[in-house]
Amino acid sequence: MASSSQVLATFFLLSIFSLFSPSKSATCTSQAFANNRLYNFCNDLPALNSYLHWSYDPAQSTLNIAFIAPPARPGGWVSWAINPTSTGMVGSQALIAFRDARGEMTVKTYNVSSYGPLTESRVWYDVRDSSAEFSDGVIRLFATLVLPEKGITTVNHVWQVGPSVTGGVPGKHDFQPGNLNSKGSLDLLRGQSINGGTGDNIRTKMRNIHGILNVISWGILFPIGIIIARYLRTFPSADPAWFYLHASCQVSAYAIGVAGWGTGLKLGSESKGVTYSYHRNIGISLFTLATVQISALLLRPRKGHKYRFYWNIYHHGAGYAILILAIINVFKGFDILKPEPKWRDAYFVVIAVLGGIAALLEAITWMVTIRRNKSRTSTKPYDGLTTD
Ligand SMILES: *[C@@H]1O[C@H](CO)[C@@H](O)[C@H](O)[C@H]1NC(C)=O
């Protein structure tokens, strides 16, 4: 077991890391603007297909920006903001571009103090000049800002896109990973977006670790341990080896799974404004069931004891519940973290292969049991409960 789980672990670590390795060269350097607008720096922002161009004069605290992003729907909005007090959306001082009631593109400012509806307001910086245009599916937001303090060289920035504007009020944006990761720290004089800042890098790492640990433990090791228990013990020669294999597989799955579960709780507690309640509740049920299963090992009545039959029913029932919930929750997790589709497909293939192996072993087990019963005529048919 150890070697195959190591192979799997290596496979998943390599695959997940390859998802996040830097690759393409900047697109923004080839973007040009009408009216001879020129900027000293530009960045391909790491989320929402957005680009930022800017020039900064620290002596005057003047920041000239062009922000380019596709709104979530054609009638939607795009926003770029500085957060002077924190990272993320709450506290951000936002510029939002959209088409106003008269059908003209406009830029308004918002002091975003909560997750509630937005109202236009004064912001932390002065806006000397702003405008927006919509073409080729993207909104270009231009603004000249005067920052209220001298000597600022790094700002936390946040950007966002939304699907709709109702009565002049920009509507709620989605809470997909792109919408939640669209923030970072911007070095105004060095022309690089420190992707997400330290806090977010840790968060991205934690998401990856959460995914890897849980896919390996709940999604792969637990099912393998169940297959071992169900099919190996049909063969008298595999007794008691199957039991130790089963127990060590499930205990390691549990150890890895608890670590993965812990990262999930931490991620959940840090994710403000969005809760994945199904994924969370299934995760908590899985942890509870698995903890009961591991403790049940210690309470197992000895062979032949009158309660052993009931213990078996309960242990197998909980085991199959874990199997089903675990697979559902791994797929829910894929939906939330949205890695490239190939990783979801790869897991699907792993589960399909395990399912195929189980079906084959099921057939063999029945054949073996029927043959054995014919030759002995006395034993009960294999029912999954009495053969240990
Ligand atoms: C923005 O709103 C917060 C909370 O209501 C307030 O404390 C802050 O002074 C406001 N900022 C500006 C620039 O008005």
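Ser61 is placed in the loop between strand S2 and strand S3 (62-69), where helices (H or I, at least four residues) and strands (E, at least two) are DSSP runs numbered from the N terminus. The phi angle of Ser61 is near 55 degrees, a positive value in a residue other than glycine. With a relative accessible area of 1%, Ser61 is buried, a term that stands for under 20% relative accessible area, whereas exposed stands for over 50% and partly exposed for the range in between (1.4 Å probe, protein chains only). The model is a predicted one, in which local features need pLDDT of at least 70 and side-chain atom pairs count only at pLDDT 80 or more, while totals for chains, interfaces and linings use all residues. Residues are numbered from 1 along each chain as its sequence is written, and side-chain values use heavy atoms, with hydrogens and water left out.

A positive phi, near 65 degrees, is also found at Leu48, again a residue other than glycine. Leu48 lies in the loop between strand S1 (41-44) and strand S2 (51-57), and it counts as buried because its relative accessibility is 18%. Lys338, which comes just after helix H6, takes a positive phi of about 45 degrees. Helix H6 itself comprises 30 residues (residues 308-337), which at 1.5 Å a residue should span 44 Å, and the 42 Å between its end C-alpha atoms agrees with this; the expected span is 1.5 Å times one less than the number of residues.

The peptide bond that joins Asp239 and Pro240 is cis, with an omega of about 5 degrees. Within helix H4 lies Gly260, which is buried, its relative accessible area being 0%. Leaving aside residues up to four places away in sequence, Gly260 touches His210, Leu213 and Asn214, where contact means heavy atoms within 4.5 Å. The C-alpha atoms of Gly260 and Val215 are separated by 8.9 Å, although the two residues are 45 residues apart along the chain.

Thr106 belongs to strand S6 (residues 105-111) and is buried, with a relative accessible area of 15%. With residues up to four places away in sequence not counted, Thr106 touches Ile96, Ala97, Phe98, Asp100 and Ala132.

A polar side-chain atom of Asn111 lies 2.4 Å from an oxygen atom of the ligand.

For the protein chain as a whole, the secondary structure comes to 7 helices and 13 strands. Of its 388 residues, 44% count as buried, and the chain exposes about 20400 Å², of which carbon and sulfur atoms supply 61%. Among contacts between residues at least 6 apart in sequence, 61% join residues at least 24 apart.

Terms used: Polar contact = N/O pair within 3.5 Å; in protein donor to acceptor, adjacent residues only side chain to side chain. Areas by Shrake-Rupley, 256 points an atom, 1.4 Å probe, with all protein chains shown as cover.
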